[in-house]
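Q: I am new to this structure and would be grateful for a close look at a single part of it. Please begin with one residue and then describe the surroundings to which it leads.

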Amino acid sequence: MGLTEFNDGNPRPPQPSIDPTDHETYMRLALDQAQESPPKPSNFRVGALLVNAEDGSILARGYTLELPGNTHAEQCCLIKIAQAHELPDERVGEVLPGNTVLYTTMEPCNLRLSGNLPCVDRIIRTTGKGGKGGIRKVYLGVKEPEVFVGENKGRTKLEEYGIEVIHVPGFEEDILRVATAGHEK
Ligand code: HJL
Ligand code: ZN
């Protein structure tokens with residue numbers, strides 16, 4: 001995303017900047033997103049952010065069930081950017097800055113009970129064929145609990161495709177409380 005022109009004619013960053021190495025701040029913002037998601041027994045409440053790691057700017061925010069249909073947090077981030085560029089979802093990688101990273105409160109899914117395309121595949125396809133762009137790093141807050149699909153192999157598959165996966169510690173308890181708020185206790 002470029003710089004926004006303000007009335008005084010000076011280009012300014014479009015938002016207060018966050019240090020791109022401040023992973024805790026981004027994870028907290030992802031958790032804020034998760035809290036926007038409606039509690040339901042049938043999935044987790046997850047929040048996600050796409051960030052340009054070059055300048056720290058937030059490219060998109062998303063949460064589970066934010067967009068129409070059975071949408072995941074990571075999927076919502078990608079769809080929003082695709083829509084803003086009038087591109088079909090599968091081509092969103094073409095407009096992502098080269099150093100785009102994903103923050104998500106929960107490990108991206110590799111299998112969906114609904115049969116929808118898993119977020120791992122949506123992430124992988126942003127990297128194109130052997131190119132250098134797209135999402136090359138994923139920061140996650142917790143591994144997916146074995147509630148719906150047994151062990152999620154999301155992290156393993158991302159790593160197989162050369163995407164670095166980094167755990168941001170310290171938010172596990174809050175993330176899981178928010179994620180399971182609609183589940184029967
Ligand atoms: C992640 C989300 C979300 C999940 N995981 N990373 N982000 N809802 O926004 C993972 C869980 C699936 C179930 C049900 N949840 O969501 O495994 O109905 O929600 O396709 O497998 O599948 P559907
Ligand atoms: Zn998903």
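In which loop does Asn 43 lie?

A: Asn 43 is found in the loop between helix 1 and strand 3, where helices (H or I, at least four residues) and strands (E, at least two) are DSSP runs numbered from the N terminus. The model is a predicted one, in which local features need pLDDT of at least 70 and side-chain atom pairs count only at pLDDT 80 or more, while totals for chains, interfaces and linings use all residues. Residues are numbered from 1 along each chain as its sequence is written, chains are lettered from A and ligands numbered from 1 in the order in which they are written, and side-chain values use heavy atoms, with hydrogens and water left out.

Asn 43 counts as buried because its relative accessibility is 11%; buried means under 20% relative accessible area, exposed over 50%, and partly exposed in between (1.4 Å probe, protein chains only). Leaving aside neighbours within four places in sequence, Asn 43 is in contact with Thr 64, Leu 65, Asn 70, Phe 148, Ala 179 and His 183, contact meaning heavy atoms within 4.5 Å.

A polar side-chain atom of Ser 114 is 2.3 Å from an oxygen atom of ligand 1, and a backbone N or O atom of Ala 73 is 2.9 Å from an oxygen atom of the ligand. In the side chain of Glu 74, an N or O atom lies 2.7 Å from a nitrogen atom of ligand 1.

His 72 also takes part in the zinc site. The protein donors of the zinc ion (ligand 2) are His 72 (ND1), Cys 109 (SG) and Cys 119 (SG), at 2.0 to 2.3 Å; donors are N, O and S atoms within 2.8 Å of the metal (3.2 Å for Na, K and Ca), and sites may look incomplete, as water is not among the atoms. Cys 109 belongs to the loop between strand 5 and helix 3, and Cys 119 to helix 3, ten residues apart. Cys 109 is buried, with a relative accessible area of 6%, and Cys 119 is likewise buried, at 1%.

Key. A polar contact is a pair of N or O atoms within 3.5 Å; within protein, one must be able to donate a hydrogen and the other to accept it, and residues adjacent in sequence count only if both atoms are side-chain atoms.
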